[in-house]
Amino acid sequence: MSEREKILGRIREALQVKAPLPGSHGDAGDHLPSTAPPVAHARDWLPLVGTTPEEQFELFAKNCADLKADFQLLASRDELKAALAKIRDAEKWQTVASHDGELSNFASQSLGLPVLLTDKGYDVQALEKCDAGITECDALVAQTGGVAVTSRSTGGRALSVLPPHHVVVARREQLVADLPAAFAFL
Amino acid sequence: MVKNLMGTFVTDFKERATAKTGDLRHRQFIRTALRGYETARDRRKGAFQSWESARQAAAETKWQAINHLDEHLVSLTSKLEARGTKVHWASNGAQAREIITQILRDKKAKCIIKSKAMTSEEIHLNHALEEAGFIVVESDLGEFIVQLRHEAPYHIVFPSMHLQRGEIRELFQRELGDAPSDTPEDLTMVARRVMRQKYIQADVGFTGGNFAIAETGMISITENEGNSRLTSALPKTMITLMGIEKVLPRFADLALFLPMLATAGAGQPMTCYNTMYSGPRQPGEPDGPEEWHVILLDNRRTELLADPEQRDALHCIRCGACLNVCPIFRNVGGHTYGTTYSGPVGSVITPHLRGLQDWKHLSNASTLCGACTEACPVKIDLHHHLLQNRRNASASKPAISERLAYKMFGVVANEPMLWSAAKKMGWLTQPLQKMVKGSALDPAKAWTKTRDLPPLPQESFKDWWRNRKRTKS
């Protein structure tokens, strides 16, 4: 018998005796009273997220600041170019890394610096020397002030974490209210 | 294998506890750190529309997960394997160590970089790998620090919370030859410089797992530093070791568990990095490990599962909230427990994972204040489990002197003449007892060394009642 079968066998044997339901004061139960998953009402208990986009952007900005991330709401591509140039000069960037996306290409190429694209594979030492990684994202989450990314949408696993600075360029419509919404999206 | 002579574990515990409670500097330092945590945690809990409803939902979700554990593990495994992950099953620590060592040998690996995994502490992995000739690097800053000090982690979430900045700076200066100042930023930068090349050059990356999603076949890892992200991005081979109880049924469950883990564990709205891994590098992806091995660890968890009264101890999400509120933990600290899992949850599960008679003393090291049960985000009935451990320990190995003492008390209390005689004896001998209190001559010295018996009243209640009736009539 494989270890798998042994472990599953022990589990099945152990589970023949029922355990009390949470909050039931010791009465054993077969299954929970409701068929809906317990987290179905999570939205009612998690922190409030506001109903309008303005409120949600405000919440996102506040949570971002708590996490020490710098958030800028920009009106146009020109403003984006200017904002990126400002960071480039302040941080003295010399090379950046990015992936092949419509918005990320615009951002990385606007800097006038050499750009390492990771999509088709890359040399790790070369990525290590990049001062910043510029990526798009899948969603911005107002409730947490966080950004949802996948390795498919952001040029792999390392681009968003190896370079010392991570810059995310996103579209306004990508803001979602809370985690349940972000998860449904993913 | 550690051989335990009768009573060694409990003697060690008492010695360490005595030493640590006498270290006022240490107690003050820990108290300050935990007060900061409490303030942040309360703010975050307050932001929830209903923290209590969230706890109930989390408790019910974990109940579903654990009470259908076999189904969920089967689903998890098949989904992981469908994307090319190799899933291994280990009944105990020795098997897990062997599986990991074999993978390292197969890959002709020299260096393994680790992100934090309490299960790896549980099976004493680092020591075994170093004995086998591999280089092991801890990438989590707290673990990196205690590794340099050749120490065990102090707390399951904050491994080096017992150290002040000055101590860390001295450590870095001594071991790494470099520490410009003692600010957290500068210290982190020192560790970062050391670590970056190690991520790139390591042959194998090793992680633990916070949650395993049965529905989609994912392992979710929560961290603040990003070291897990790098460990799982750069080395060619990735190994994840995880207890079988970490299962959650659905992907959507994370929307509740991730904020709750962050809130209860660290007083954060959300931890900096929460990553769900569903396989090794897939076709078309530019990086990621070529091979991913997931090792599911039992190591006596199935024994705890077989105890329906205490099965919910397996609901634990390892947030550390119970440690942070425990009056014992705050005063004796994490190292005193002498075992991987400390604090209330450690005191509940260690007797199951490592032997009831050897570790029952941890269940006695409690005031039963219930703060742990209240703090637990998944509503584990921790303080009642401590009572149950005590009951089980004394049922399986009764203490003869205790049994005798209770029997004698029963005889005296049920016989009015004996009770009267005992009272008179008490009045007579109390002044004598005061003279020898706490010394070798005192038969009750284990009790009286740190406790004062109040003076017995001159008039017992029965006598007062009798006299009162007389004066009334």
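What follows is a short exchange about a predicted model and the terms used for it.

Biologist: What are the ground rules for this model?
Modeller: It is predicted: local features need pLDDT of at least 70, side-chain atom pairs count only at pLDDT 80 or more, and totals for chains, interfaces and linings use all residues. Residues are numbered from 1 along each chain as its sequence is written, while chains are lettered from A and ligands numbered from 1 in the order in which they are written.

Biologist: Why is B:Gly279 called buried?
Modeller: Buried takes 20 or more other C-beta atoms within 10 Å of the residue's own, exposed 12 or fewer, partly exposed in between; C-beta atoms are placed from the backbone. B:Gly279 has 20 C-beta neighbours inside 10 Å, so it counts as buried.

Biologist: Where does B:Gly279 sit?
Modeller: In the loop between β9 (273–277) and β10 (291–297) of chain B. Strands (E, at least two residues) and helices (H or I, at least four) are DSSP runs, numbered from the N terminus.

Biologist: What does B:Gly279 contact, leaving aside neighbours within four places in sequence?
Modeller: B:Arg83, B:Gly84, B:Thr85 and B:Trp292. Contact means C-beta atoms, placed from the backbone, within 7 Å.

Biologist: What makes β1 (residues 96–98) and β3(A) a pair?
Modeller: Pairing needs at least two DSSP bridges between two strands. These have 3, in the parallel sense. A:Ser98 has A:Ile134 as its bridge partner in β3(A).

Biologist: How many bridges join β3(A) to β6 (residues 165–168) of chain A?
Modeller: 4, and the strands run parallel. A:Gly133 stands opposite A:His166 in β6(A).

Terms used: Contact = placed C-beta atoms within 7 Å.
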